[in-house]
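Hi,

Here is the structure I said I would pass on. Have a look at it first, and then read my notes below.

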Amino acid sequence: MINTILLLTVLIALVLLVLAVQKILAQNKVILQNERDIANIQTAMIQQKADFETDLEQKIKEAKKRSNNMQRNVLKGQIGEQFTPFIADFPYNPSDCRFLGEPIDYMIFQNLHACSEGLADIEDVQIIIAEVKTGNARLNARQKIIKQAIANGQVSFKELRIKYCEETESMTVLTT
């Protein structure tokens, strides 16, 4: 009977051992699959990082190119603004133009020289406020305000007189 109990105990231990080994093998299989999944994720992350860096480099190059083109366009526009009166089909006498640059480009005193030389009547003199634009450039907010103020007739001529006081050695400006 002791042999039977001993045999049963050995069989039970053997069954438990087999179950434990099967459980360990199943866990090892899960661990191996998890390691493969982690490796795949790491590979995907490395590829995503490489793609991101490549995309970032390309976007930086494109942004630099756009920035350089915009700078060139601004520079061309600024040069063009200053040379506008010397373009062949410019409709005004360049000597009647005064470049301001900001907030508007030109004050044009059309026919002022001709009138001062007796070659044109005062009715032919016109004061024009002009803004030069190139490409798709638009008036900025201040230029739009100036345009509207002119359209509203909010334009006047002021003569300013500087008065010097010898006693205090100071100057004042008088508006007439």
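Let's start with Arg142, which is partly exposed, with a relative accessible area of 48%. For that word, buried means under 20% relative accessible area, exposed means over 50%, and partly exposed is in between, using a 1.4 Å probe and protein chains only. Before going on, note that this is a predicted model, where local features need pLDDT of at least 70, side-chain atom pairs count only at pLDDT 80 or more, and totals for chains, interfaces and linings use all residues. Residues are numbered from 1 along each chain as its sequence is written, and side-chain values use heavy atoms, with hydrogens and water left out.

**Salt bridges**

What does Arg142 meet in a salt bridge? Its partner is the side chain of Glu102, at 2.7 Å from N to O. (A salt bridge is a side-chain nitrogen of Lys or Arg within 4 Å of a carboxyl oxygen of Asp or Glu.) This pair links distant parts of the chain, 40 residues apart: Glu102 is in the loop between E1 and E2, while Arg142 is in helix H3. The H and E names stand for DSSP runs numbered from the N terminus, helices being H or I with at least four residues and strands E with at least two. Glu102 counts as partly exposed too, at 45% relative accessibility.

The whole structure has 4 salt bridges. Another one joins Lys59 and Asp55, whose closest N and O atoms are 3.6 Å apart. Both residues lie in helix H1, 4 residues apart, or about one turn of the helix. An α-helix has 3.6 residues a turn, so residues three or four places apart point the same way. Lys59 is partly exposed at 48%, and so is Asp55 at 37%. Then there is Lys133 with Glu131, at 3.3 Å from N to O. Lys133 has a relative accessible area of 33%, so it is partly exposed, and Glu131 falls in that class at 21%.

**Around H3**

Go back to helix H3, residues 141–151. At its start, a side-chain oxygen of Asn140 comes to within 3.0 Å of the backbone nitrogen of Arg142. That is a polar contact, meaning a pair of N or O atoms within 3.5 Å; within protein, one must be able to donate a hydrogen and the other to accept it, and residues adjacent in sequence count only if both atoms are side-chain atoms. Just after H3, Gly153 takes a positive phi of about 80°.

**The sheet and the hairpin**

Now for the strands. E1, E2 and E3 make an open sheet in that order, with antiparallel pairing. Two strands pair if DSSP finds at least two bridges between them. The edge strands are E1 and E3 (126–130), each pairing on one side only. From one strand to the next, the twist averages 15°; axes are lines fitted to C-alpha atoms, for helices over the stretch in contact, and angles run from 0 to 180 degrees between N-to-C directions. E1 and E2 share 3 bridges, and Phe99 has Tyr106 of E2 as its bridge partner.

E4 and E5 are antiparallel as well, over 6 bridges, with Ile162 standing opposite Val173 in E5. How many of the 6 residues of E5 are buried? The count is 0, so that strand is hardly covered.

Most residues other than glycine have a negative phi, and most peptide bonds are trans. Here are some exceptions. The bond from Glu102 to Pro103 is cis, with omega near 5°, and Pro103 is found in the loop between E1 (97–99) and E2 (106–110). Asn111 has a positive phi of about 70° and sits in the loop between E2 and helix H2 (112–116). In the E4 and E5 hairpin, with 4 residues between the strands, Glu169 has a positive phi near 50°. Glu169 is exposed, at 63% relative accessibility.

Asp96 is buried yet has no salt bridge, and the nearest side chain of opposite charge, Arg98, is 6.5 Å away. (Lys and Arg count as positive, Asp and Glu as negative, and His and the chain ends are not counted.) Leaving aside neighbours within four places in sequence, Asp96 has contacts (heavy atoms within 4.5 Å) that include Met107, Phe109 and Asn111.

Cheers
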